[in-house]
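Colleague: I am new to this model and would like a close look at one part of it. Could you take me through the aromatic pairs, and then on to whatever else is worth a stop?

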Amino acid sequence: MNDHQWESGWADLHLHSYCSDGVFSPSQIVDKAAAMGLKAVSITDHDSVRGIQEALIRAKLWNLEVIPGVELSTRDGELDVHILGYFIDPKDRELSSYLRRFQKERLKRAKKIVAKLAELGVNIELEEVLQRTHNKGSIGRPHIADTMIERGYVQSYDEAFYKYLGNGKPAYVPKFKISPTEAIDLIHRAGGIAVLAHPGMDLAPNDVLHLITLDFDGIEILHPKHSSEKVNFFYQLALKHNLLATGGSDCHGDRKGRTLMGYYNVPYRFVQHMKERLKLWRGTE
Ligand SMILES: [Zn+2]
Ligand SMILES: [Zn+2]
């Protein structure tokens, strides 16, 4: 095959397993992707790489490529910025030690939220919330919301966020965060590609234009929260700034009623482009 003939096929490069706040196990995700005929997936759990190994092993059953990924939570002033890392070494020591620290901070935060909820008359135990995280995966607000639903304090996930857990709501506690630049450097030092996640979700156009001046390698163009106009806009932006284009379903399972996986696939050539970029770096080192 020559360089101009990209392999065909599709990839979903943004998926959450129960190692963060998703519902499916890494193996379930791999099985579903294989059943859908996808060529590649990336498990991009929030601040966790725990699901990668299981996915890699499971994928051997199928003709499926698993790209080691992660989605790091960062803060830039008042902005929450999510950054995807692809082709990272999940065993990288610096990344691992950072992620361990982050998990500790998440647990502290969950404790604070549970305490605030108790003051508001919502009595749930931290233990109940913890039971919802598999293998001590990243504990987060979705686990707390699920517990509140089960205990009958709210009817739905959205109600839990709207009344209690959302930004600025009575039981809100800010997360411990690093800066986008720190996250990009961490990803680079772990051998990966740093991508600005879902820029059209809650970032203003000016914020996006500022952020892409940082050392990003790519920008997520396809995402369930992006209209087709936005997809097109971000694609043009990627071309203009020589950024890699990525995309995926950001599927967390079926907590909100619908499983998004399979509906937001990008052409496999996007993956090839990432590999070409990595080869270029490695070749010049
Ligand atoms: Zn995100
Ligand atoms: Zn995500």
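Modeller: What follows is a walk from the ring pairs to the metal site and then to the spaces in the protein. Keep in mind that this is a predicted model.

Start with the rings. The whole structure holds four aromatic pairs. Take F102 and F176. Their ring centres are 5.9 Å apart. Their planes meet at 50 degrees, so the pair counts as tilted. Edge-to-face would need an angle over 60 degrees, and stacked one under 30. Now place the two residues. F102 belongs to helix α3, residues 93–119. F176 sits in the loop between α6 (157–165) and α7 (180–189). The pair therefore ties together parts that are 74 residues apart in sequence.

F176 is partly exposed, at 23%. The cut-off for buried is under 20% relative accessible area.

Another pair is made by Y157 and F161. It is tilted, with 5.2 Å from centre to centre and 40 degrees between the planes. Both residues belong to helix α6. They are four residues apart, about one turn of the helix. Y157 is buried, at 14% relative accessible area.

Rings also meet charges here. The charged end of K169 sits over the ring of Y162, 4.4 Å from the ring centre. Likewise, the charged end of K39 sits over the ring of Y268, at 5.0 Å from its centre.

Next, the metal site. Which residues coordinate the zinc ion (ligand 1)? They are E71 through OE, H82 through ND1 and H198 through NE2, at 2.1 Å. Along the chain, these donors follow the spacing E-x10-H-x115-H. E71 is in strand β3, residues 65–76. H198 is in the loop between β5 (193–196) and α8 (199–202). So E71 and H198 tie together parts that are 127 residues apart in sequence. E71 is buried, at 1% relative accessibility. H198 is buried too, at 5%.

The largest cavity has about 40 Å³ of space. Its lining is R106, R109, A110, I113, I139, G140, R141 and I144. Helix α3 gives the most to this lining, with four residues. Both α3 and α5 (141–150) supply at least two residues each. By class, the lining has four nonpolar, one polar and three charged residues. Helix α3 thus turns up in two stops of this walk: F102 lies in it, and the largest cavity draws on it.

Last, an open space. The second largest pocket has about 270 Å³ of space. Its lining is made of 13 residues. Nearest its centre lie N242, L243, L244, H273 and R277. The elements giving two or more residues to this lining are α10 (228–240), β7 (244–247) and α11 (269–284). Helix α11 has the largest share, six residues. By class, the pocket lining divides into eight nonpolar, two polar and three charged residues.

Definitions and conventions:
Residues are numbered from 1 along each chain as its sequence is written. Chains are lettered from A and ligands numbered from 1 in the order in which they are written. This is a predicted model: local features need pLDDT of at least 70, side-chain atom pairs count only at pLDDT 80 or more; totals for chains, interfaces and linings use all residues. Side-chain values use heavy atoms; hydrogens and water are left out. Rings of Phe, Tyr and Trp (its six-membered ring) pair if their centres lie within 6.5 Å; planes under 30 degrees apart count as stacked, over 60 as edge-to-face and the rest as tilted. Buried means under 20% relative accessible area, exposed over 50%, partly exposed in between (1.4 Å probe, protein chains only). A charge sits over a ring if NZ of Lys or CZ of Arg is within 6 Å of the ring centre and within 35 degrees of the ring normal. Donors are N, O and S atoms within 2.8 Å of the metal (3.2 Å for Na, K and Ca); water is not among the atoms, so sites may look incomplete. On a 1 Å grid over the protein atoms alone, a cavity is a set of points where a 1.4 Å probe fits but cannot get out, and a pocket is an open set with protein on both sides within 12 Å along at least five of seven lines; lining residues have an atom within 4 Å of a point. Grid points are joined across faces, edges and corners, and a volume is the space filled by probe spheres set on the points. Ala, Val, Leu, Ile, Met, Phe, Trp, Tyr, Cys and Pro count as nonpolar, Asp, Glu, Lys and Arg as charged, and the others, Gly among them, as polar.
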